[in-house]
Amino acid sequence: MAERICRALRDGALEGEHAPALTIKDSNESPFGSLLFNHVLSQLSSFIVAQKSQSQGIVLVALSRGPLYYEQLFKSKGNNIASSNKWIKVLDCCTDPLGWRSKLMESGRIASLTPGTSTRANLYKNVKDLNKLLLAIVELGKELVEDGKGRFAVAIDSVSEMLRHASISSVAGLLSNLRSHSQVSCLFWLLHSDIHETKAIAALEYISSIQASSDPITRPINGQRANSEKLPFLEQNLRGGKIHIRFKRRNGRVRLMSEEFCIEQSGIKFTPISSEAEMIAQSLVPKVQFNLELSEKERNDRAKVVLPFEHQGNGKTIQIYDGRKSPNEDRAEIQYTSAEKVQTVTDSGRGEIIYFRDSDDEMPDSDEDPDDDLDI
Amino acid sequence: MDVQVPNLLDDALGGGGRVVLIEDCVETSGAFVLHHFLKRSLSPNSSDAVIFLSFSQPFSHYDRILRKMGCNLVVRRDNKRLLFFDLLMLNSLGREEEKTSEDLLLSLYEKVHKAVEICSSPARNITIIIDDVSLLEVAVNCLSNMVLDFLHYCYSLTAEFGCSLITLNHEDIYSSLDKSSLILQMEYHADVVIKAEPLSTGLATDVHGQLTVIDKGLGGGVCNSGKICNFQFRIKDNQIEYFYPGSRT
């Protein structure tokens, strides 16, 4: 299913239509948005290098991770870094987003070169100005395509960083302009859903045609407050999660899909959702020194217990206790309960809870008016 | 000779070069974790350096505590293994010099950058420690977005110079309803989150609280399964004892 996203981005925009736009969402409970972003970026890069994609290159707007991080990522995926300039341009909005470094370097207060700085990236020093950012992205994209007429993809990591520096309307405007640009083939961005208002997330989701959100596999059961009780769930959620994908079609129809993923050394691995996930959630009991689980026999015995309530649903006449009984009813009830007791003696396989009402001990006095003690 | 005894906290943390966030609360202070990191980084068995930005306590406070733990901060400071910045009066200094909050943070970043340049020659592991971020926020008149900008620049330094960044912040001073709270954003950037919390049963004589170490396994461009460790601790005069629940006799 996740590969469908990559294929949709690979195929790009139809003539006369906006470019497909993907929102990758995650949260602190399932913080794998950056890994999903890396996966989509790597897959799209492979399509571009193999010339199987509508886009001829990618402009990567790096706000959250620096260019060195992506160089290492591409190296680990086997991409040729030496030729990467032909198909990827990194707009470095991470190293010096506000121009602090440039100010200090110009005044000679810090050294001009730092050991781990990438020389391939294009430094951008004013992330608050989204108009200039848009121009910078388009300019870099045009450098990637042949004759300045082909199409390019845009990847933004992350829009959450962008929203710290600019308003939601400016960010939405930037994304909308990119999506409707004639040379943009496709567009995808990362968003951390739990640090933004719902309306901001909704505004960005309206712009996107595909949404992929990373969710935890299991959530702690309500009432589990202690860390020791939540640990097994938290640990499982750090090993993988679920991805929920929402495709919006041109005609307005929405298609929903879900998959599971797990984190491996090589990256993310996707699998269809299994029913085991629910079983695992039920079997996650805290690791303590005493037994909290039930054996098969104990489960069977518990199932056989007859609850001491009126609504048994066991085929017998339902009798609702209204608080006052006539003597005739008492006799009938005594016969009923004695019959039941006989039954319980013979039926040794059933569990039983014997319940005595407190009010059964008190016999009502027929001469007494129960309203005598009222003082109105 | 000071021999570093491996303990549960070190086992849970693994290697260096990462962004670590320590979260504590009123009931359980996480300052002892900072002291642990300080001692670990300034071990006589290594040549690692520490850049300490203190908004909370003066140098003498840390010196007193670390001496009892067998680490002489004065000697480390003289050897340039420890660069200590006393920033308790940052706010009033800024007002005197009529600097804006952005100027204050810019000059603070300049100090950190220069310190990293000094410590990186000869090449060695560098740890930047900030105690604590909530007081940095106060120093810049609670402009949390600017604090995040400053921290972003520190994260860039860790990526470029391969140093570690350890910050302490208080989890209970931020509203859970405030979605853009500073601490939530810091959790996103952290590779490891260490939470110091009280026991669910309250304060005890022999057990002073519990630590939960959440290693997301996503740091340094390497993909690993995350792991979580939970253990209890007892603070003594000259050391901290870490142990699993129920394992103390």
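**Entry 1: chain B overall.** I counted the elements of chain B and found nine helices and nine strands. The model I am reading is a predicted one. Chain B has 249 residues, and 56% of them count as buried.

**Entry 2: Leu53(B).** I picked one residue, Leu53(B), which lies in strand β2, residues 49-54 of chain B. Is Leu53(B) buried or exposed? Its relative accessible area is 0%, so Leu53(B) is buried, the cut-off for buried being under 20%. I looked up its contacts, leaving aside neighbours within four places in sequence. The list holds Phe85(B), Leu87(B), Val112(B), Ile129(B), Ile130(B), Asp131(B) and Phe150(B). I also checked Asp86(B): it is 33 residues from Leu53(B) in sequence, while their C-alpha atoms are 6.7 Å apart in space.

**Entry 3: helices α6 and α8.** Val112(B) and Phe150(B) came up again when I looked at where α6(B) meets α8(B). Helix α6 covers residues 101-119 of chain B and helix α8 covers residues 144-161; their axes are 10 Å apart, at an angle of about 15°. The two helices are therefore roughly parallel, since angles under 35 degrees count as such. The crossing is right-handed. On the α6(B) side I noted residues including Leu105(B), Leu108(B) and Tyr109(B), and on the α8(B) side Met146(B), Tyr153(B) and Leu157(B) are among them. By class, this contact has eleven nonpolar, two polar and two charged residues.

Key: Residues numbered from 1 in each chain as written. Chains lettered and ligands numbered in written order. Predicted model: local features only at pLDDT ≥ 70, side-chain atom pairs only at ≥ 80, totals over all residues. Heavy atoms only, no water. Helix = DSSP H or I, 4+ residues; strand = E, 2+ residues; numbered from the N terminus. Buried < 20%, exposed > 50% of the residue type's maximum accessible area, 1.4 Å probe, protein only. Contact = heavy atoms within 4.5 Å. Axes fitted to C-alpha atoms, helices over the stretch in contact; angles between N-to-C directions. Parallel < 35°, antiparallel > 145°, perpendicular 65-115°, else oblique. Left-handed = near helix turned anticlockwise from the far one by under 90°. Nonpolar A, V, L, I, M, F, W, Y, C, P; charged D, E, K, R; others polar.
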